[in-house]
Amino acid sequence: MDLPRDAKSDLHSDAFLRRLMRRQLWLAIGCAVTFLIALLGLPLLNYFFPEAMATRVFGFTLTWFILGVLFFPFVWIISWVFIKRSIALEEQEAAAASEATVESGKVGE
């Protein structure tokens with residue numbers, strides 16, 4: 001069984017890997033920007049809204065509640081989204097490459 005060697009349908013081609021890595025890079029950049037907004041947003045909230053951030057929530061000031069209780073689950077959610085979306089991108093690219101291989105008529109003869 002001969003597998004095609006064109007760049008679009010070869011699962012191990014440089015074009016396939018480059019396209020997948022580019023999409024995963026944009027995903028990583030999006031997750032990093034989300035993290036940085038959360039990380040830098042807390043000091044900005046403290047600076048611009050000190051009275052609101054000093055209010056008590058479950059015995060903590062709102063600042064410490066966000067930093068000590070909510071920040072870690074938020075980071076875990078960002079990580080979970082990154083992993084799930086990255087796996088989905090890999091599966092999507094592999095399916096597209098497999099479909100292109102089948103359509104080229106080289107598989108199934």
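## Close-up views of a predicted chain

View 1. Phe58, Phe60, Trp64, Leu67, Val69 and Leu70 together make a nonpolar surface patch of about 630 Å². Keep in mind that this is a predicted model. Which element gives the most to the patch? That would be α3, with four residues. Phe60, another member of the patch, lies in strand β2.

**View 2. Phe58, in the loop between two strands.** Here we zoom in on one residue of the patch, Phe58. Where does Phe58 sit? Look in the loop between β1 (residues 56–57) and β2 (residues 60–61). Is Phe58 buried or exposed? Phe58 is exposed, with a relative accessible area of 70%, so it also passes the cut-off of over 30% for patch residues.

**View 3. Helix α1 and its bend.** Helix α1 covers residues 14–48, which is 35 residues. From its first C-alpha to its last, α1 reaches 49 Å, close to the 51 Å expected at 1.5 Å a residue. Where does α1 bend? Find Gly41: the helix bends there by about 30 degrees. A proline, Pro43, follows within four residues.

**View 4. The buried side of the story for α1.** Which residues of α1 are buried? They are Phe16, Leu20, Gln24, Leu27, Cys31 and Leu42. And what covers them? The cover includes α2 (residues 50–53) and α3 (residues 62–103).

**View 5. Stepping back to the whole chain.** The chain has three helices and two strands. Reading from the N terminus, the elements run α-α-β-β-α. What share of the 109 residues is buried? Buried residues make up 19%. The chain exposes about 8,200 Å², and carbon and sulfur atoms supply 70% of that area. Now for contacts: among those between residues at least 6 apart in sequence, 67% join residues at least 24 apart.

Note on methods. Residues are numbered from 1 along each chain as its sequence is written. This is a predicted model: local features need pLDDT of at least 70, side-chain atom pairs count only at pLDDT 80 or more; totals for chains, interfaces and linings use all residues. Side-chain values use heavy atoms; hydrogens and water are left out. Buried means under 20% relative accessible area, exposed over 50%, partly exposed in between (1.4 Å probe, protein chains only). Contact means heavy atoms within 4.5 Å. Accessible areas come from the Shrake-Rupley method with a 1.4 Å probe; for residues, only the protein chains shown count as cover. The expected span of a helix is 1.5 Å times one less than its number of residues. The bend at a residue is the angle between axes fitted to the seven residues ending there and the seven starting there. Patches are made of residues with over 30% relative accessible area and no salt bridge: like charges are joined within 9 Å, nonpolar side chains (Val, Leu, Ile, Met, Phe, Trp, Tyr) within 5 Å. A salt bridge is a side-chain nitrogen of Lys or Arg within 4 Å of a carboxyl oxygen of Asp or Glu.
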